[in-house]
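Dear colleague,

Please find below the structure that I am handing over to you. I would be grateful if you would look through it together with the notes that come after.

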Amino acid sequence: MPAEIRLVPCLSDNYAVLVHDPATDATAVVDAPDGAAIIAAADAAGWTLTQVLVTHHHADHVQGIPALKARYGVTVVGPRKEADAIPGLDVVVGDGDPVAVGGLVGRVLETPGHTLGHVVYLFEDERLLFSGDTLFSLGCGRAFECEPAVLWHSLLRLRALPADLSIYCGHEYTAANARFAVSVDPDNRDLRAFAARVEEARAAGQPTVPSLLADEMAANPFLRADDPELAARLGLAGAEPAAVFTVLRARKNDFRG
């Protein structure tokens, strides 16, 4: 039986994601920004949480863990390299480690850049990738704890995954990301079409998450820093892709469009 997914809006723009295995009734939540919102969503679905899968240590991804521990006694899984910063952590994981939600078996990929120990969770059979704050729809996280080149190489790793993956990221940033993307890549027809869909969804009060990796590969400038045409548009013809990415990330940091 396929996984059942519920997107849970939290705080001002965060998402948690409930992942339910109907064959075993196991249910995990990817990240825990707001315990009350997650509990309400699980109750509405009739599910009992068994696990929390943490992508990284930032407060808006872990501050709901104590409430979930108190309510369900969940097992908290998170990155080994950030173990000291994640409350209630029970199981530490690193690159390539398996993670099971009942009969749904995924694996951990280390994607440093946004934070030093950031991980994502890939459930390839279900065509699901939970990307946290490494890869956003039409964007990527800020490089807070590593050089931008480290984040670029993590994004390259995600770009190499199957193109039909559904990407569940940690924030509803897509409309703002689209405005920036169009500012640096205005002639990209795939991007223009993507941006139009985003505008329509947000006008209707709908989320823009998940997105398809194939669409991100065509439209997300942060996955295309090795595209010579994009580099030329930025005045960086012939530059190394990591240098192009670094400029893109810096421009996004300062973008006010």
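This is a predicted model: local features need pLDDT of at least 70, side-chain atom pairs count only at pLDDT 80 or more; totals for chains, interfaces and linings use all residues.

Residues are numbered from 1 along each chain as its sequence is written, and side-chain values use heavy atoms, with hydrogens and water left out.

The largest pocket has a volume of about 340 Å³. A pocket here is an open set of points on a 1 Å grid over the protein atoms alone, where a 1.4 Å probe fits, with protein on both sides within 12 Å along at least five of seven lines; lining residues have an atom within 4 Å of a point. The volume is the space filled by probe spheres set on the points, which are joined across faces, edges and corners. Of its 20 lining residues, Arg142, Tyr173, Asn177, Arg249 and Lys252 are the closest to the centre. Helices α5 (174–184) and α9 (241–254) each supply at least two lining residues; helices are DSSP runs of H or I with at least four residues, strands runs of E with at least two, numbered from the N terminus.

The cores. The largest nonpolar core has 25 residues, and Leu129, Leu155, Leu161, Phe245 and Leu248 have the most contacts inside it. Such a core is a set of buried Ala, Val, Leu, Ile, Met, Phe, Trp, Tyr and Cys residues joined through side-chain atoms within 4.5 Å, where buried means under 20% relative accessible area (1.4 Å probe, protein chains only). Two or more residues each come from β9 (119–123), α4 (148–159), α5, α8 (228–233) and α9, and α4 gives the most, with 4. A second, separate core of 23 residues includes Tyr15, Val19, Ala26 and Phe136.

Helix α5. Among the buried residues of α5 are Asn177, Phe180 and Val184. The buried residues of this helix pack against β11 (135–136), β12 (139–140), α6 (189–203), α8 and α9.

The cysteines. The count of disulfides (pairs of cysteine sulfur atoms within 2.5 Å) comes to 0.

Yours sincerely

Notes. Buried means under 20% relative accessible area, exposed over 50%, partly exposed in between (1.4 Å probe, protein chains only). Contact means heavy atoms within 4.5 Å.
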